[in-house]
Amino acid sequence: MQKYILKRILYMLPVLLGVAFLVFAILALTPGDPGSIILGITAKQEDIAALNAQFGYDKPFLIRFFNYIRDLVLHFDLGTSYSRRQPVVNDIIARFPNTLRLALMSMALSAFIGVSLGILSAVRQYTTLDHVLVVVALVFASIPGFWLALMLLMFFSLHLKWLPSFGADTFKHFILPTVTVSLTSAAGLLRLTRASMLETVRQEYIRTARAKGAGEKVIIWRHALRNALIPVITTMGTSFGASLGGAIIAETVFAMPGMGTLLTTAIRQKDVPVVMGATLFLALLFSLVVLVVDILYAFIDPRIRAKYENGGRSRE
Amino acid sequence: MKKILAILLAACLVAGLSVSAFAAAPDLVIAVDADVDTLHFSDHSTTTEVNVLNQIYDPLIYMNPDGSEEPESRIAESWEISEDGLDYTFHIRQGIKFHDGSPLTAEDVAFSLEMYLVSEYQGAFVEGLDSVEVLDDYTVVCHLANPFSPFMLGLGSCYIASKAYHDASSPEEFASTPIGCGPYQFVNRVPGSNIELKAFEDYYGGAPAIKSVTFKVIPDSTTSAIALQTGEVDFAEIDSSNLVMLERNPAVTIALAPTSGFTFVSMNTEKEPFSNVAFRQAVNYAINREELIEICYDGKAEVNSNICAKTRFGYSDSQLQYTYDKEKAIALLAEAGIETPYDLGTILVAEKYQNIAVVLQEDLADIGLNTTIRTEEFNTYIKSLTSGNYDLCALEMTLEGDTQQLALAFTTDWIGMANNARYSDEQMDALFAAAAVETNVEKRAEIFNEIFTKAQNEAIYAVICNPEIIYACNANLKVPAFVLEGYYYVNQFSWA
C-alpha cells in the first residue's frame, strides 16, 4: 500500500510539469502584455516597455518558462504578482482557507443530501416520493448558479434579514454560499446514487442475500450501498477537486475572496505568476484528492484493497 | 462508511466554525467592486486605488478636476508662479504631521515629486516637471524645462509621502502599509476582502467626523445593492441596472456624479470610407444618442457628441453638436458617394460594449449601412484597436485631468495607443502643442475652442455621451455634491 502511494506521488511530478508548461504556453499565446494591460491605452510606450522589462516579460517564452521552473524548484519561489508586486504565496495563503472551508462544507452538505435522498429514492422506486425527488433534483441541477445565489440573497438577507449578504468573516457568512454550491451538486449526486443503487439491487448477490433471508435493512446498508457508492465517491472526489478551484459564482456573488476569483482576475490581468502559482497549487491538490479517492476505494471494496496489495508485492 | 461520513461532517463543521469573531462595526462601510492591487502613493493604476489613497494621502494643492476653479490650499499654504512660467514655488504649511507623528517638510515634497518623475504608472501627473529644488524646510521650487500650463492640475493628483518611512521600510511594506498625512490612517487590510482606515486626529485640516471607515470588496453590483438595503454597506457605486430596486427603497438615496469619461464610436480613418469627412458626419447624424443612453445606461448619462465634457475647460456651445437627423445622414452619405445598401464591415467590441454595438448596428442599418458585430475578449480587443486592425468600434474611455489630455485621442504621437481613430493632422498636432505651452487662460481657451471646433466639424469620432457615476448611500449619510469624476473624500461625509 505505501509503495503504491509513493509511486502515485512520484507520478504527480511529470503531471505538474505538464500543467505548468501548458498554462504558461496558453498565457503566452493570448494577446496583450502585462505592461499595457496594467497601464492601459493612455500610457506611453516607453513606460509600458519599462514595466514589461521589470517583470522579465521582455524575454522569449522558453527563457521565461525556464526561469520560472528554476526559481520554483531551487528556491520554492512562486514569484511576484505583476499587478500587486507582492509574493504570489501571500495571495494563496489569504484566499485558500475560504475556498477550502467552502469546498468542505458544500461537499458535506451535498453528500448528505444527495446520497441519503438518492438511497431513499431508489428504495422507494416509482412511488410519489421518488417522482417528486427526481423532479426536484432535475430542477436544481438545471438552475443557473448565479440566479440561485441571488434568489437566496434576496430571500434570506434582504427580506428575512437572517444572514449577511456578503463576506467571509463568520460561520453565518458561509451558509448561503454553501447552499448555493451544494444544491446543484447534491442534485447530481442524488440522481447518480439512485441510478447506481437501482443497478446494484438487481445484481445476483442481492438476490442471494434476499434468498438467504437477510433483512431489508441489512441488504440495503451492507450489501447494496457499499457497492453502489463506488461511482458516487468517484464523482464526489472530482467535484470536490473542482470546487477547490473555487466556486467562482458563489465567490463573486457573496464577495468571498477565494481561489476562483483570484484566478479569474489574474487571467484577465495577464498576471502570469499568479495564474501559474494558483494553477499549480490547485493541480497538486487535485492530484492528492484523486489519490485519496483511490485509497478510499480500498476501504469500501476489499477486492480493490487486495489488488493494491498484490500490486505492491509483485514489485518487491 | 457511516463513521467516515460522520467524521467528514464533523471536520467540516469545525472548519466552518473556527473563524475569527466579529470586530467592532466601523462607522462607515464603503463597497468597492475590485480590490486594490497596491496602496503605493505613486505607482497605482486603478480608480478604486485612487478612492482609497485620497483618504490616506494629501496633495500639495487641490483642484476641481474640471480645471475651472482656482487651486485650493492643501499641504502647500501658498505658491507663486514665475513670469516665464518655468518656476513654481510652494510654501509648505508648518506643523503638518504624518500618521507616524513625524513632521512633513520640503524634503518629503521633493522626494514624492521625484518618485512621480520616475513612475511608469503615474508619471503623467508631473508632465513638464524637470527638477525639484528644496530652498529651506518649508519651501520647494518646481523647475520646468518649458512652460506647461496643465502643470498645476497634474500636481493636484500627486500625493505627498514620507521620505523617512520610504527609506526605512521594505518596498513591499511601503506599498501595502501606507503612511500619509491625509485625514485617515491605514489600520489593516485583508487581501481580496477589505481595507480598514481610522480617523487621523492630528490631521491639519481638522479631525474627521467619521471615525472609522472600511472599504469592502464586493465584485457584484447586485450584491452591493442588497447590502445597501440591509444596512451592511453605507456607500457604494452601483450599476444602472440596480437603480430601480434602490430608488424604491426610502432608506437609500442616489447621488449622481458627472464624469469626463466618454462613450464613443471610433472609425478607422486610415480605411475607406472612414477617411471621408462627409461619411463620418453621416455616421454622427445617424446615431440616436438619447435612445442609446436609455437602452445602455438606463438614462444615466449626459448626451454629448463632443469629446470634451460640457463642464470641462475648453468646451463651448459654439462647437458643433451632432443630433439625430436621419435625412441629413442620408444626404451626407450621397455626398460621400456611398450607394446604399452598403456593406460597411465589422463593428468590433468587447463584451461589455456589446449592447452599444447592437444599438449602433440598428441605427446604421436605418440609413442603409450594413454591419456585422464581432465580440472579442477585452485584452484581445484592445490589441486589435491599438494595432489598427478594425473598421468601426465602440468603447468607453477616460482622459482625466487637464483638457490637454485629449491630445491622446487626436495627435499623431498617440496612434497605436489612445488615438483610436488613427487620425493624423499637422494642424491638430500644432494646436495641441501650442495649448500645452500657453499660460494665458483666455488664449488657451481659444486654442481649445479651435481644436474642438475642428474635431467636431471633421467628425473625427462619433462621441455619444458622458456616462454618470451612480452612487447609492444610506439615507442618513450626508455627502457633498459630487464634482466632475466623482472622487470622494470621506472627511467631508457625516451622519445626520
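**Notebook: a strand, a chain, a partner**

I started with strand β1 (residues 28-32) of chain B, and found 2 bridges joining β1(B) to strand β11 (residues 235-238) of chain B, with the two running parallel. This is a predicted model, so I'm reading everything here as a prediction. In that pairing, B:I30 stands opposite B:F235 in β11(B).

Next I looked for another neighbour of the strand. Strand β10 (residues 212-217) of chain B is joined to β1(B) by 5 bridges, and this pair runs parallel too. Here I noted B:A31 standing opposite B:K216 in β10(B).

Is β1(B) mostly covered or mostly open? Mostly covered: 5 of its 5 residues are buried. I checked the faces separately. On one side I found B:L28, B:I30 and B:V32, on the other B:V29 and B:A31, and they are all buried.

Then I zoomed out to the whole of chain B. I counted 16 helices and 21 strands in it. Its radius of gyration is 25 Å, close to the 23 Å that the globule rule gives for 496 residues, so chain B is as compact as a globular protein of that length. Along its principal axes, the C-alpha trace spans about 80 × 70 × 45 Å. Buried residues come to 49% of the 496 in chain B. I also looked at contacts with a separation of 6 or more: 68% of them in chain B are between residues 24 or more positions apart.

How is chain B divided into domains? I wrote down domain 1 (20-36 + 182-258 + 469-495), domain 2 (61-167) and domain 3 (262-467). The C-alpha centres of domains 2 and 3 of chain B lie 35 Å apart. Their contact takes 12 residues from domain 2 of chain B and 13 from domain 3 of chain B. On the domain 2 side I got 5 nonpolar, 6 polar and 1 charged.

Now the partner chain. 44 residues of chain B are in contact with 47 residues of chain A. Which helix of chain B gives the most to that side? It's α1(B), with 7 residues. Sorted by class, the chain B side has 23 nonpolar, 15 polar and 6 charged residues.

Last stop, chain A itself. Helix α8 (residues 171-200) of chain A has a kink of about 30 degrees, centred on A:S182. α8(A) is mostly covered, with 22 of its 30 residues buried.

Definitions and conventions. Residues are numbered from 1 along each chain as its sequence is written. Chains are lettered from A and ligands numbered from 1 in the order in which they are written. This is a predicted model: local features need pLDDT of at least 70, side-chain atom pairs count only at pLDDT 80 or more; totals for chains, interfaces and linings use all residues. Domain bounds come from an automatic or database domain assignment. Two residues are in contact if their C-beta atoms, placed from the backbone, lie within 7 Å. Ala, Val, Leu, Ile, Met, Phe, Trp, Tyr, Cys and Pro count as nonpolar, Asp, Glu, Lys and Arg as charged, and the others, Gly among them, as polar. Helices (H or I, at least four residues) and strands (E, at least two) are DSSP runs, numbered from the N terminus. The radius of gyration is taken over C-alpha atoms; the globule rule is 2.2 Å times the number of residues to the power 0.38. A residue is buried if 20 or more other C-beta atoms lie within 10 Å of its own, exposed if 12 or fewer, and partly exposed in between; C-beta atoms are placed from the backbone. The bend at a residue is the angle between axes fitted to the seven residues ending there and the seven starting there. Two strands pair if DSSP finds at least two bridges between them.
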